[in-house]
Amino acid sequence: MILEFKVCSGKSEKTLRDTAKNALAQIVEKKYAAGLEAEGILKERIRIYGFAFQGKEVWIDGGPIRNYL
């Protein structure tokens, strides 16, 4: 499981959903799963989640990495 946490500043992203999607995109673009795959973990078993925060509000998005490739 790969988790990316981001704070929604309201400048570049307008909603928590946008921030969570950007977190997921960062995981894929920066190839955070490469280390897990190098250890022999199959891509089918890797899950990614983006957490977006703004004050006390939270939005979480994600699932199997294959859905985001």
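In the predicted model, asparagine 22 touches Lys6 and Glu13, when residues up to four places away in sequence are not counted. Asparagine 22 is found in helix H1, and a relative accessible area of 35% places this residue in the partly exposed class. Its C-alpha atom is separated by 25 Å from that of alanine 38, a residue 16 places apart from asparagine 22 along the chain.

The protein chain that holds these residues has two helices and three strands. Read from the N terminus on, the elements follow the order β-α-α-β-β. Along the principal axes, the C-alpha atoms of the chain fill a box of roughly 40 × 20 × 15 Å. Of the 69 residues in the chain, 30% are buried. The chain exposes about 4800 Å², and carbon and sulfur atoms supply 52% of this area. When contacts between residues at least 6 apart in sequence are considered, 50% join residues at least 24 apart.

The three strands form an open sheet with the order E1-E2-E3 and mixed pairing. Strands E1 and E3 stand at the edges with a single partner strand each, and therefore one side of each is left without a neighbour in the sheet. From one strand to the next, the twist averages 15°. Strands of a sheet pair through backbone hydrogen bonds, in either a parallel or an antiparallel sense. In this sheet, E1 and strand E2, which covers residues 47-54, pair in the parallel sense over six bridges. Helix H1 lies across E1, E2 and E3, and runs at about 140° to E2.

Leucine 3 has a relative accessibility of 37% and so counts as partly exposed, since the buried class requires a value under 20% and the exposed class a value over 50%. Together with Met1 and Phe5, Leu3 makes a nonpolar surface patch of about 340 Å².

Charged side chains were examined next. Side chains of opposite charge can pair when their charged atoms come close. The structure holds two salt bridges. In one of them, the side chains of lysine 21 and aspartate 61 meet, with an N to O distance of 2.7 Å. Because lysine 21 lies in helix H1 (residues 16-29) and aspartate 61 in strand E3 (residues 57-64), the pair ties together parts that are 40 residues apart in sequence. The two partners fall into separate accessibility classes: lysine 21, at 41% relative accessibility, counts as partly exposed, whereas aspartate 61, at 17%, counts as buried. The value for aspartate 61 qualifies as buried because the limit for that class is under 20%.

The other salt bridge is formed by lysine 43 and glutamate 37, whose closest N and O atoms are 3.9 Å apart. Lysine 43 has a relative accessible area of 34% and is partly exposed. Glutamate 37, at 33% relative accessibility, likewise counts as partly exposed.

Conventions: Residues numbered from 1 in each chain as written. Predicted model: local features only at pLDDT ≥ 70, side-chain atom pairs only at ≥ 80, totals over all residues. Heavy atoms only, no water. Patch = residues over 30% accessible without salt bridge, like charges linked within 9 Å, V, L, I, M, F, W, Y side chains within 5 Å. Areas by Shrake-Rupley, 256 points an atom, 1.4 Å probe, with all protein chains shown as cover. Salt bridge = Lys/Arg side-chain N within 4 Å of Asp/Glu carboxyl O. Buried < 20%, exposed > 50% of the residue type's maximum accessible area, 1.4 Å probe, protein only. Helix = DSSP H or I, 4+ residues; strand = E, 2+ residues; numbered from the N terminus. Pairing = 2+ DSSP bridges. Axes fitted to C-alpha atoms, helices over the stretch in contact; angles between N-to-C directions. Contact = heavy atoms within 4.5 Å.
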